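Student: I have a model open and want to go through it. Can you take my questions as they come?

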Amino acid sequence: MLDLDTCYRVLELEPGATLEEVNRAYRDLVFIWHPDRIPKDNTRLIEKAHEKIKQFNEARDQLRQHITRHGSQTSQRATSQQQTYRSSPPPPRYQSNPYTYRSYHAPRERQQTTQHTYTYSQHHNHPYGTYQRQRTAAPPPPEPPRTTPPPKDMSGVNLQGANLSEKDFEGRNLSHANLSYADLSDAFLHRVILHRANLRHANLFRANLLQADLSYADLQEANLIGADLSGADLRGADLRGAKMSQGNRLLVKLTGARLTGAIMPDGHVHT
């Protein structure tokens, strides 16, 4: 089991990173090192990629558990600073008028954790007035943020027009889901199940769809520029009008993708 410092190092993060930063770093590194992106004849590099993916998975899982239980160090430091500022008494203030003055805390009182506030009341017959001290307990520190991952089974969910950019849906079941007009740019959709899903006009710019199940999915007019569909199942998918190229240059990665029966952007059926 990796220790926390090693986990941060593996994901190329600074200690105290947030859960969002952990997820983003994990997606980027898996995208770079995924074995499907490496030529099949380079066995040495493929073995290295598998080892890298294993380390990324272990580091991400441990940091997720740590942050969920304890929160990030950044939020803990902010909470500590807020408590310090809240409990520190005000410094003594002196005035040039010899007939008025303000009292200040003795060093022993400054070490107390309670917060003190002072109110001044002027009596008509007393030239200096009187001071009344009120003790107010410091509020409790805020709880660390908790992030609940989406459920594994999201089949049939309606996410039409939703902003899902950079979201992590790895391994989720989104079959028959309505994702038309949704923004899925840079989303991590590795091995996601999108069987017969509605993705009309969806923005899948640079989405990671490695080994995704898109069989019989409706991808008409979808933006697939920069998407990685290596190893994806696109059998029977409808890609009419989908943006996949610029001129004669294909801008979608389809290494190992299954396209039997898919309707291609120009309307012909792939055989």
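Tutor: We can go from the overall layout to single residues and side-chain pairs.

Student: What kind of model is it?

Tutor: This is a predicted model.

Student: How many helices and strands does the chain have?

Tutor: The secondary structure comes to five helices and four strands. From the N terminus on, the elements run α-α-α-α-α-β-β-β-β.

Student: And what share of the residues is buried?

Tutor: Of the 271 residues in the chain, 35% are buried. The chain exposes about 16700 Å², and carbon and sulfur atoms supply 49% of that area.

Student: Which residues have the most contacts inside the largest nonpolar core?

Tutor: Leu194, Leu209, Leu214 and Leu219 do, in a core of 38 residues. Leu219 touches Leu199, Leu204, Leu214, Leu234, Ala237, Asp238, Leu239 and Ala242, leaving aside residues up to four places away in sequence. There is also a second, separate core of 18 residues, which includes Val22, Tyr26, Leu63 and Phe188.

Student: What span should H2 have, and what does the model give?

Tutor: At 1.5 Å a residue, the 15 residues of H2 should span 21 Å. The end C-alpha atoms of H2 are 21 Å apart, which agrees.

Student: Switching to charges. How many salt bridges are there?

Tutor: The count comes to 13 salt bridges. One of them is in H2: the side chains of Arg24 and Glu20 meet at 2.9 Å, N to O.

Student: How far apart along the helix are Arg24 and Glu20?

Tutor: Arg24 and Glu20 are four residues apart in helix H2, so about one helical turn separates them. As a general point, an α-helix has 3.6 residues a turn, so residues three or four places apart point the same way.

Student: Are those two buried or exposed?

Tutor: Arg24 counts as partly exposed, at 28% relative accessibility. Glu20 is exposed, with a relative accessible area of 53%.

Student: What does the salt bridge of Glu170 with Arg60 tie together?

Tutor: The closest N and O atoms of Glu170 and Arg60 are 3.2 Å apart. Glu170 lies in the loop between S2 and S3 and Arg60 in helix H3, so the pair ties together parts that are 110 residues apart in sequence. Arg60 is buried, with a relative accessible area of 9%, while Glu170 counts as partly exposed at 21% relative accessibility.

Student: Which residues are linked with Arg60 and Glu170 in a network?

Tutor: Asp61, Arg64 and Asp168 join Arg60 and Glu170 in a network of salt bridges.

Student: And where does the Arg258 pair sit?

Tutor: Arg258 forms a salt bridge with Asp233, and their closest N and O atoms are 4.0 Å apart. Arg258 lies in the segment after strand S4 (249–250) and Asp233 in the loop between S2 and S3, so the pair ties together parts that are 25 residues apart in sequence. Asp233 counts as buried at 7% relative accessibility, whereas Arg258 counts as partly exposed at 42%.

Student: Which residues does Ser215 touch?

Tutor: Ser215 touches Leu194, His195, Arg196, Asp233 and Arg235, again leaving aside residues up to four places away in sequence. Ser215 is found in the loop between strand S2 (130–136) and strand S3 (245–246), and is buried at a relative accessible area of 7%.

Student: Last topic, backbone. Where is Glu12, and what is its phi?

Tutor: Glu12 is found in the loop between helix H1 (4–10) and helix H2 (19–33). Its phi is near 60°, a positive value in a residue other than glycine. Glu12 counts as exposed, at 63% relative accessibility.

Technical notes:
Residues are numbered from 1 along each chain as its sequence is written. This is a predicted model: local features need pLDDT of at least 70, side-chain atom pairs count only at pLDDT 80 or more; totals for chains, interfaces and linings use all residues. Side-chain values use heavy atoms; hydrogens and water are left out. A nonpolar core is a set of buried Ala, Val, Leu, Ile, Met, Phe, Trp, Tyr and Cys residues joined through side-chain atoms within 4.5 Å. Buried means under 20% relative accessible area, exposed over 50%, partly exposed in between (1.4 Å probe, protein chains only). Contact means heavy atoms within 4.5 Å. Helices (H or I, at least four residues) and strands (E, at least two) are DSSP runs, numbered from the N terminus. Accessible areas come from the Shrake-Rupley method with a 1.4 Å probe; for residues, only the protein chains shown count as cover. The expected span of a helix is 1.5 Å times one less than its number of residues.
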